[in-house]
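Hello,

Here is the structure you will be taking over. Please open it first, then read the notes below it.

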Amino acid sequence: MKKWLSLAAALLLIGTLTGCGTDGTNGTNGTNGTAGVDGSDGTDGTDGTDAGTVTLKFDELSVPTTTTQKMSIRTSTSVEYENGNTDTIGFTKLISASTTNNGETFGLLKDSTDTAITYSDASPFICDGANGNALGSGLDHSSIIQQSGRIFMVSQFECEVGAMYGMELSQDSTTGELAVLDDSLTYISQKDGFGGWVHCAGVTTPWESHLGSEEYEPDARTVEEDLNTTTMLTGNSYYDEVTKYYWNDENNSNADANNNPYYYGYIPEVSIDASADTPVYSYTKHFSMGRAAWELAYVMPDERTVYMSDDGTNVGFFMYVADTTQDLSAGTLYAAKWVQTSAVGTDGGSADIEWIRLGHSDDATIKALVAAQPVFSDIFDTEDMNSSYECPTEGFTAVNTAMGAECLKVKTGQETAAAFLETRRYAAVLGATTEFRKEEGITYNAQDGILYVAMSEVKKGMEDGSSQDNGGNNDIRLAKNSCGVVYALEVAGASETPVDTDDTEIDSSYVVKNTQAEIIGKASSYAEGSDYEAYTCSINSIANPDNLTFLDGKNTLIIGEDTGKHPNDFVWSYDVKTKNLTRIVSTPYGSETTSPFWYEDINGFGYLSLVTQHPFGEVSSSDVDYSLSTEASATQKQSSVGVVGPFINW
């Protein structure tokens, strides 16, 4: 609450007489003077702290300048709380790709019979970013999960053949130090969901399960058009690798299986039964949550509303409302429409958000559609656009999505298949916005009712007049920002009744109604030969924000990066009240800071998880620091997961 101070001054003139020698008689009182002018307002008082809120401040981490700093994981070493407490913190590595434990190799990919995939020379098929020999980025999100008084971690790998592993963690009851238990690493089979695919970000759900993702779903139209029916290959490198090594590996017995693009692009979940000594990991693929290039599915506090970010160019933003709490197997799917409220060409911008209902279904129904191995032409009719990017024939709709500019018409009776197998395309046909660029992390500030979404870049379809708008709505008309933006999305209040574009009530108390830019990245340049010459976004602000997490009750948003504009990617702490950014993590050159996630209370200790993906991997021979990648050892290039902390005195 602001405290306003005002000063009122009045001048009172009193006449007095002073005699020489003996005192004279008192003179009569003078008349009152006129009132003086009001004094200027005092300065604003500082904002009070909300009840139950403990703010915090990390010590600032410097930008790496030495070779050692550029090749290391570095973190803040202390955190101070408003209540006067402090913690000494650091980074603890838990496990690296290629680590062996319990007869398993962390990151080893397996085929549709759960047999380890090997090349013809018997070398293993490892998903390890710069070290690995599989297509993809390496280890990605890892969820720490508490079940039956025990601590587990589920990790997923971002390669063409998606892999998941589970393990149990120990915890020192005095220091809070975590470690992976020997003989606990377990491969998690995904064959009941037609295999895994390019697993990206994830979350630990409120009911203590792992909720993952499958990113960059294969384009079913081009697969159908380009499929060689002899080799079963298409020219799509990721899809073909899965065909060759997951379904038809020369070293396994499942060579007759047929791949299908509709097998991939969904939200998987892993639950753990820890009632027995040997835990049981159960895998489910949620087909009813729709199919797109899912970066992340974030569960809201009602435990049934889920927001999903779609990564790529000309993508959408989606909401799923489950029928039942803690059960994502059936629900209603919605797509967002951006209705811009800021001026054309604004940096970051603002908009109202409307919701278009795509449909309702359940996992079993959609899985049955997928099992029938449909092709794109079963669902849509198509025709060529004319030179004005319009559809010549009535009944066709012009759209521009991640799959390009198209004229589409849903075939009669195929609305459910379109909604859940071609979610982005169908959303565009119904008028939703498919112009977002590289949507990434999502997190929620429950105290203020704000959902945060990272947009790695604001360009292409988000720019006004971009070629990516040809055939589309051109809903988003912003200025280009190559450093990215974090958006704050306001959730409707308890007194409001959210409705979709058909004026039908949405059965959720967590419906987003508008958005505005919260943090805007800043392009910058530094002198040649300086310590920062390779940085093209400001060293004091975000560059291509990626995954996010929020520290409830502490006014603190954590922001990871996936960028080449900071040669060493950073993790930032952002105070949502003071708007101060503090650099708290720096990862090795060429790596990505994937999936920071806040765990407030694991047996009284707090942790911030951190995955360092493909160290020394995203590099170019023209880079200023390229020599670091040639100097790095295989061990230094391993993707790894660990925690920053522990946080004890908060």
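**Aromatic pairs**

The ring-pairing rule gives a count of 32 aromatic pairs. Bear in mind that this is a predicted model.

Start with Y119 and Y245. Their rings form an edge-to-face pair.

Next, look at W294 and F318. They also form an edge-to-face pair, at 5.5 Å centre to centre and 85° between the planes. Here too, distant parts of the chain are linked: W294 is in strand 17 (residues 294-299), F318 is in strand 20 (residues 317-324), and the two are 24 residues apart. W294 is buried, as is F318.

There is also a cluster held together by ring pairs. Its members are F194, W197, Y238, Y246, W247, Y263, Y264, Y266 and F287.

**A charge over a ring**

Go to F570. R583 lies over the face of this ring, at 5.2 Å from the ring centre.

**S361**

Last, a serine. S361 is part of strand 22 (residues 350-362). Is S361 buried or exposed? It counts as buried because its relative accessibility is 5%, and the cut-off for buried is under 20%. Leaving aside residues up to four places away in sequence, S361 touches S288, A330, G331, I366, T416 and F420.

Best wishes

Conventions: Residues numbered from 1 in each chain as written. Predicted model: local features only at pLDDT ≥ 70, side-chain atom pairs only at ≥ 80, totals over all residues. Heavy atoms only, no water. Phe/Tyr/Trp six-rings, centres within 6.5 Å; stacked < 30°, edge-to-face > 60°. Helix = DSSP H or I, 4+ residues; strand = E, 2+ residues; numbered from the N terminus. Buried < 20%, exposed > 50% of the residue type's maximum accessible area, 1.4 Å probe, protein only. Lys NZ or Arg CZ within 6 Å of the ring centre and 35° of its normal. Contact = heavy atoms within 4.5 Å.
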